[in-house]
Amino acid sequence: MKPGHGEVLLTEGDRRVRDDEERLVAEFRRQLDEGMWAAVPVRAEEDGRREARMVKEYAEIPAEADRVIFFPRAAGG
């Protein structure tokens with residue numbers, strides 16, 4: 001999401017399809033290289049509560065994840 005713009009779809013694809021996965025990995029790396037952080041929405045197993053898990057590498061994204069959320073790092077930190 002970009003401040004003031006709502007959600008913006010950067011890319012999509014099926015990670016089981018080689019060309020799609022290459023594109024997904026490239027976009028993931030590009031976002032991190034631009035200084036963004038990445039998180040994957042998940043449900044806690046204990047109580048089903050929604051939360052986000054930070055990921056630093058594409059391989060850390062769970063197979064069942066349907067999206068990765070990129071957001072800017074906090075200023076001044």
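Colleague: What share of the contacts in the protein with a separation of 6 or more comes from residues 24 or more positions apart?
Modeller: This is a predicted model, so the values are computed from it. A contact here needs heavy atoms within 4.5 Å. Among contacts with a separation of 6 or more, residues 24 or more positions apart account for 46%.

Colleague: What percentage of the residues in the protein is buried?
Modeller: Buried means under 20% relative accessible area. The protein has 77 residues, and the buried part of them is 22%.

Colleague: What are the spans of the C-alpha trace, and what part of the accessible surface belongs to carbon and sulfur atoms?
Modeller: Along its principal axes, the C-alpha trace spans about 40 × 35 × 20 Å. The accessible surface comes to about 6400 Å². The part belonging to carbon and sulfur atoms is 48%.

Colleague: How far apart are the mean positions of the positive and negative charges?
Modeller: The protein carries 14 positive and 18 negative charges. Take the mean position of each set. The separation is 3 Å.

Colleague: Which element gives the most to the lining of the largest pocket?
Modeller: The largest pocket has a volume of about 780 Å³. Its lining counts 28 residues, and Leu9, Thr11, Arg67, Val68 and Phe70 lie nearest the centre. At least two lining residues come from each of α1 (18-33) and β3 (69-72). With four residues, the element that gives the most is α1.

Colleague: Is Phe70 buried or exposed?
Modeller: Phe70 sits in strand β3. Its relative accessibility is 11%. The cut-off for buried is under 20%. Phe70 therefore counts as buried.

Colleague: How far apart in space are Phe70 and Met54?
Modeller: In sequence, 16 residues separate Phe70 and Met54. In space, taken C-alpha to C-alpha, the distance is 9.9 Å.

Colleague: Which residues is Gln31 in contact with, leaving aside its neighbours within four places in sequence?
Modeller: Gln31 has its place in helix α1. Gln31 is buried, because its relative accessible area is 6%. Beyond its sequence neighbours within four places, the contacts of Gln31 are Leu10, Met36 and Phe70.

Colleague: Why does Glu27 count as buried?
Modeller: Glu27 is placed in helix α1. Leaving aside neighbours within four places in sequence, Glu27 touches Leu10 and Thr11. The limit for buried is under 20%. Glu27 counts as buried because its relative accessibility is 13%.

Colleague: Is Glu12 buried or exposed?
Modeller: Glu12 lies in the segment before α1. Exposed means over 50% relative accessible area. Glu12 has 55% relative accessibility, so Glu12 counts as exposed.

Colleague: Which residues does Glu12 contact, leaving aside its neighbours within four places in sequence?
Modeller: A contact means heavy atoms within 4.5 Å. With neighbours within four places set aside, the contacts of Glu12 are Arg23 and Leu24.

Terms used: Residues numbered from 1 in each chain as written. Predicted model: local features only at pLDDT ≥ 70, side-chain atom pairs only at ≥ 80, totals over all residues. Heavy atoms only, no water. Buried < 20%, exposed > 50% of the residue type's maximum accessible area, 1.4 Å probe, protein only. Areas by Shrake-Rupley, 256 points an atom, 1.4 Å probe, with all protein chains shown as cover. Lys, Arg positive; Asp, Glu negative; His and termini not counted. Charge placed at Lys NZ, Arg CZ, Asp CG, Glu CD. 1 Å grid on protein atoms, 1.4 Å probe; cavity = no way out; pocket = protein on both sides within 12 Å on 5 of 7 lines; lining within 4 Å. Points joined across faces, edges and corners; volume = space filled by probe spheres on them.
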